[in-house]
Amino acid sequence: VKRCMNKYRINEISKGVNLLLGDQGDYATIDRWLITSGGNFDVVIDDGGRQNCQSWNSFQKLWPAVKPGGLYFIEDMEAANKQRQPQGPCGSDLVVPEKLKEIFNVLIYEELGQLRRE
């Protein structure tokens, strides 16, 4: 993976792209990504660990660093939805698609609904 990333980094097409590699189960690694990249992302593509807690750790730290109107993609959500037992480095029973549904419900039905009533 590192060899592929290094090859891509020297390619002209990669200007403005931050490729980050590390353990999503470790908040210090994600903090280091934010410092290294400078945050302020137009797009984040999480194609990392396959454990729910890894995707969730990244989302919690990286989503606030996405510019307004930016995009955040999480790969392999169908696999995340199938993992219902505690697993991975976090030992958590969190299911990311369900957690994201909760967040979207608040955004769509509560906050936007409140704005419409005002």
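A salt bridge here is a side-chain nitrogen of Lys or Arg within 4 Å of a carboxyl oxygen of Asp or Glu. By this rule the count comes to three. The structure is a predicted model, so local features need pLDDT of at least 70 and side-chain atom pairs count only at pLDDT 80 or more, while totals for chains, interfaces and linings use all residues. Residues are numbered from 1 along each chain as its sequence is written, and side-chain values use heavy atoms, with hydrogens and water left out.

Helices (H or I, at least four residues) and strands (E, at least two) are DSSP runs, numbered from the N terminus. For accessibility, buried means under 20% relative accessible area, exposed means over 50%, and partly exposed is in between (1.4 Å probe, protein chains only). Asp31, at 30%, counts as partly exposed, and Lys61 is partly exposed at 26%.

Another salt bridge pairs the side chains of Asp42 and Lys67, with 3.0 Å between N and O. Here the link runs from strand 1, which holds Asp42, to strand 2, which holds Lys67, so parts 25 residues apart in sequence are tied together. Asp42 has a relative accessible area of 49%, which makes it partly exposed; Lys67 is also partly exposed, at 30%.

Lys99 is partly exposed at 28% relative accessible area, and Glu102 is partly exposed at 46%.

Next comes the interior. A nonpolar core is taken as a set of buried Ala, Val, Leu, Ile, Met, Phe, Trp, Tyr and Cys residues joined through side-chain atoms within 4.5 Å. The largest such core has 14 residues, and Leu62 and Tyr72 have the most contacts inside it. Helix 2 (27–37), strand 1, helix 3, strand 2 and helix 5 each supply at least two of its residues. In soluble globular proteins, nonpolar side chains tend to be buried together. With contact meaning heavy atoms within 4.5 Å, and with neighbours within four places in sequence left aside, Tyr72 touches Val44, Asp46, Ser58, Phe59, Leu62, Trp63 and Val66. Helix 3 is mostly covered, with nine of its eleven residues buried. Among these buried residues are Trp56, Ser58, Phe59 and Leu62.

What about the open and enclosed spaces? On a 1 Å grid over the protein atoms alone, a cavity is a set of points where a 1.4 Å probe fits but cannot get out; a pocket is an open set with protein on both sides within 12 Å along at least five of seven lines, and lining residues have an atom within 4 Å of a point. Grid points are joined across faces, edges and corners, and a volume is the space filled by probe spheres set on the points.

The largest pocket has a volume of about 750 Å³. It is lined by 24 residues, of which Asn18, Leu19, Leu20, Ile45 and Asp46 are the closest to its centre. Strand 1 (41–46) and helix 3 (52–62) are the elements that give two or more residues to this lining, and strand 1 gives the most, with six. If Ala, Val, Leu, Ile, Met, Phe, Trp, Tyr, Cys and Pro count as nonpolar, Asp, Glu, Lys and Arg as charged, and the others, Gly among them, as polar, the lining of the largest pocket divides into twelve nonpolar, nine polar and three charged residues.

The second largest pocket holds about 220 Å³. Its lining includes Phe59, Trp63 and Tyr72, and the elements giving two or more residues are strand 2 (66–74) and helix 5 (96–117). By class, this lining has nine nonpolar residues, one polar and no charged.

A search of the whole structure turns up one cavity of 30 Å³ or more, with about 50 Å³ of space in the largest cavity. Among the residues lining the largest cavity are Arg50, Asn52, Ser55, Glu75 and Asp76. Helix 3 and helix 4 (77–82) are the elements that give two or more residues to this lining, which divides into four nonpolar, four polar and three charged.
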